[in-house]
Amino acid sequence: MGAIWHGASELLLTILEFFYGITHSYGLAIILLTIAVRIALYPLNQKQMLSMQHMQKIQPMLKVIQEKYANDKEKMNQETMRLYKEYKVNPAAGCLPLIVQLPILILLFNVLRTYDFADTSFFGVLLGSSTTAGLAKALGVAAAANGEYSIMSVLSAVLTNPAGLSHVNFYLGNLILLIGISVLTWAQQKLSGGNNPQMAMMNTIMPFFMAFICLSMPGGVMLYWGLSSLIGVGQQYFVMKKTSEQLAVKPTLHKNKPVNTADDDDEDDED
């Protein structure tokens with residue numbers, strides 16, 4: 001397994017250096033790598049977004065089925081599967097692209113974390129430095145024995161040496177990108193959850209969670225993640241628009257809740 005992981009890292013590094021050879025810019029190389037990954041994963045992402053959108057649309061119908069067959073689990077499962085089949089919904093489809101993308105993100109993180117960018121920046125974003133590291137340097141915080149910077153030490157230094165924040169060249173570009181990723185995360189959650197009150201808490205928590213994760217990410221990884229998220233938001237918007245138009249003209253199954261189970265056959269005929 002270690003050999004496979006190492007080989008995948010080397011492949012990713014080779015692709016990155018290939019794009020750098022074309023553009024002579026690590027920032028542009030990461031952008032091209034991001035676009036290449038999004039193109040490769042487009043079918044999976046498209047399937048995920050369509051499945052999520054359809055799942056949202058059939059939630060009222062699922063609720064009717066659950067209430068109607070609350071005492072008959074077998075019938076409930078049958079009707080639920082029939083509804084999934086009618087609307088071409090696969091509940092598990094939403095997880096697959098995330099599972100595929102996570103190793104890519106980890107691999108890219110490892111490659112960029114260990115790659116020597118020699119303080120290379122891209123529109124103010126330090127590709128080899130994290131926001132935490134940049135703030136630490138601006139505030140005069142020493143690195144730990146392993147070369148990492150403690151978030152708590154940085155927060156403490158903000159209180160003891162706020163004047164250090166004036167050295168914005170160490171962290172501002174990364175911080176702006178971090179904020180942008182948080183906003184894009186909120187937009188993705190909003191598009192995914194719609195007006196579902198159950199998703200309201202997740203919509204609030206996820207942007208802060210991503211901001212915390214990105215604090216320790218090299219700028220190059222954040223550039224990849226930010227652009228990938230931006231493309232994802234655009235793709236998700238168009239998927240939602242197209243799916244809404246399609247579902248608006250399709251007949252709705254299980255629209256009306258019958259008074260009793262004796263009407264099951266009649267309702268099936270009407271469907």
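Let's start with burial: a residue is buried when its relative accessible area is under 20%, exposed when over 50%, and partly exposed in between, using a 1.4 Å probe and protein chains only. The areas themselves come from the Shrake-Rupley method with a 1.4 Å probe, and for residues only the protein chains shown count as cover. What you're looking at is a predicted model, where local features need pLDDT of at least 70 and side-chain atom pairs count only at pLDDT 80 or more, while totals for chains, interfaces and linings use all residues. Residues are numbered from 1 along each chain as its sequence is written, and side-chain values use heavy atoms, with hydrogens and water left out.

Now the overall picture. The protein chain has 12 helices and two strands, taken as DSSP runs numbered from the N terminus (helices are H or I, at least four residues; strands are E, at least two). In sequence order, that reads α-α-α-α-α-α-β-β-α-α-α-α-α-α. Of its 271 residues, 41% count as buried. The accessible surface is about 15,600 Å², with 65% of that belonging to carbon and sulfur atoms. Take contacts (heavy atoms within 4.5 Å): among those in the chain with a separation of 6 or more, 74% are between residues 24 or more positions apart.

Phe19 counts as buried because its relative accessible area is 15%. Setting aside residues up to four places away in sequence, Phe19 touches His24, Ala29, Leu32, Leu33 and Ala36. Leu32 is 13 residues from Phe19 along the chain, and their C-alpha atoms are separated by 6.9 Å.

Further along, helix H11 (residues 219-248) holds Ser229. With a relative accessible area of 3%, Ser229 is buried too. Beyond its neighbours within four places in sequence, Ser229 is in contact with Leu184 and Gln188.

Together with Met201, Ile205, Phe209 and Phe212, Ile213 makes a nonpolar surface patch of about 500 Å². Patch residues have over 30% relative accessible area and no salt bridge; nonpolar side chains (Val, Leu, Ile, Met, Phe, Trp, Tyr) are joined within 5 Å, like charges within 9 Å. A salt bridge here is a side-chain nitrogen of Lys or Arg within 4 Å of a carboxyl oxygen of Asp or Glu.
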